[in-house]
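Dear colleague,

Please find below the structure that I am handing over to you. My notes on it follow.

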Amino acid sequence: MDLNPGSVSVAVDRLYKKGLVSRVESENDRRVRTVSITEKGRRVFVPIFRQHAALIKRAFQDVSPEELSQMEEVLKRIGRRAEELGEQEGHR
């Protein structure tokens, strides 16, 4: 998603302060934290996700199963190629 660690930390901090996620520090590596959604977070995000899923379903209602399959294959190819390019960039 090309987000810098600082941006992710700020977003997680905001969610944590609102009680929507919990954080657990790794015992083995101080740089690692496990972030999990809390019950309060579920109550907030599940309805939003359901609304979003319904909107996406409506947006794709006129697309045939064959077209969806073709699109899925093309997006997979693009994703694999993007991953390869990212790995190449990372090795410079």
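In this structure, arginine 31 and aspartate 29 are joined through their side chains by a salt bridge, with 2.8 Å from N to O. The term denotes a side-chain nitrogen of Lys or Arg within 4 Å of a carboxyl oxygen of Asp or Glu. Arginine 31 is exposed at 73% relative accessible area, whereas aspartate 29 is partly exposed at 21% (buried is under 20%, exposed over 50%, partly exposed in between, with a 1.4 Å probe and protein chains only).

Please note that this is a predicted model, in which local features need pLDDT of at least 70 and side-chain atom pairs count only at pLDDT 80 or more, while totals for chains, interfaces and linings use all residues. Residues are numbered from 1 along each chain as its sequence is written, and side-chain values use heavy atoms, without hydrogens and water.

The count of salt bridges comes to 6. One of them links arginine 23 to aspartate 13, with the closest N and O atoms 2.4 Å apart. Arginine 23 belongs to strand β1 (residues 21-25) and aspartate 13 to helix α1 (residues 5-17), so the pair ties together parts that are 10 residues apart in sequence. Here helices (H or I, at least four residues) and strands (E, at least two) are DSSP runs, numbered from the N terminus.

Arginine 23 also lies over the face of tyrosine 16, at 4.0 Å from the ring centre; this requires NZ of Lys or CZ of Arg within 6 Å of the ring centre and within 35 degrees of the ring normal.

Yours sincerely
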